[in-house]
Amino acid sequence: MTPIEPVLPWALDKNYPRWTETLRDLSQVVVRPVTAQDAAEERSFIEALSPQSCRYRFLGQVRHPSEALITQLTDIDYQHDVAFAAVVKHDSREEFVGVARYNTDPTGMTCEFAVTVLDDWQHKGLGTVLVRHLIDVARARGIRYLYSVDSAENLAMADLARFLGFNRQSDTQDSSQVVHSLWL
């Protein structure tokens, strides 16, 4: 994966940035920014998650996301936050099969990230692809520290984090959670 320039809000158009990625099973996805026009796709994506995947993503059950949550997840400023969707063509529309995002803290030096992949698309390398794009953008923007708070039961996330070089430690405020962190 080649380094990229930061995603700038004024540069978001239908052609920037988009990456075509080939996964381990040779299926292909396009990775692109999430935009405010993706509300229906984001809602469909969340509602298609298994109960376990939904619990891992939101650390609780969110079967039918509110309008406020959908707006929060799709109305991205791209100066402080980044969100990428892995999409495949389904009939004439793009279907989300994975989403990764980060939100920076007020200093702009630290960000919390999350990655979620539909169950049928797990174990193909898609989570790795999405997180690597987040890492590239974070580095290009001068972010120094990336972390996620995850369920301690989420073994797929533990494997992904270990593979990408993240450290894992128990969440001091909730023993059912862990924190995966990476200095950039």
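Biologist: What volume does the largest pocket have?

Modeller: Rolling a probe the size of a water molecule over the atoms shows where empty space is left. On a 1 Å grid over the protein atoms alone, a pocket is an open set of points where a 1.4 Å probe fits, with protein on both sides within 12 Å along at least five of seven lines; a cavity is a set from which the probe cannot get out. Points are joined across faces, edges and corners, and the volume is the space filled by probe spheres set on them. Here the largest pocket comes to about 930 Å³. Bear in mind that this is a predicted model: local features need pLDDT of at least 70 and side-chain atom pairs pLDDT 80 or more, while totals for chains, interfaces and linings use all residues. Residues are numbered from 1 along each chain as its sequence is written, and side-chain values use heavy atoms, without hydrogens and water.

Biologist: Which residues of the lining lie nearest the centre of the largest pocket?

Modeller: A lining residue has an atom within 4 Å of a point. The largest pocket has 44 of them, and Val115, Thr116, Asn154, Met157 and Leu160 lie nearest its centre. By class, 21 are nonpolar, twelve polar and eleven charged; Ala, Val, Leu, Ile, Met, Phe, Trp, Tyr, Cys and Pro count as nonpolar, Asp, Glu, Lys and Arg as charged, and the others, Gly among them, as polar. Elements that each supply at least two lining residues include H2, H3, strand S3 (81-90) and helix H5 (155-163). Helices (H or I, at least four residues) and strands (E, at least two) are DSSP runs, numbered from the N terminus.

Biologist: Let's take H2, then. Which of its residues are buried?

Modeller: Buried means under 20% relative accessible area, exposed over 50%, and partly exposed in between (1.4 Å probe, protein chains only). In helix H2 (residues 51-58), the buried ones are Ser53, Cys54 and Tyr56. Seen down the axis, they fall within an arc of 160°, so they line one face of H2; the arc is that of the directions from the helix axis to the C-beta atoms. Strand S5 (110-117) and strand S6 (145-151) are among what covers them.

Biologist: And how many disulfides does the structure hold?

Modeller: A disulfide is a pair of cysteine sulfur atoms within 2.5 Å, and the structure holds zero. Cys54 counts as buried because its relative accessibility is 0%, and Cys111 does so at 1%.

Biologist: Which residues of H3 are buried, and which are exposed?

Modeller: Leu69, Ile70, Leu73 and Thr74 are buried in helix H3 (residues 67-74). Their arc around the axis is only 120°, so they sit on the same side of H3. Glu67, Ala68 and Gln72 are exposed on the other side. The cover over the buried residues includes helix H1 (39-48), H2 and strand S4 (93-104).

Biologist: Is each of them buried or exposed?

Modeller: Tyr78 is buried, because its relative accessible area is 1%, whereas Asp91 is exposed at 75%.

Conventions:
Contact means heavy atoms within 4.5 Å.
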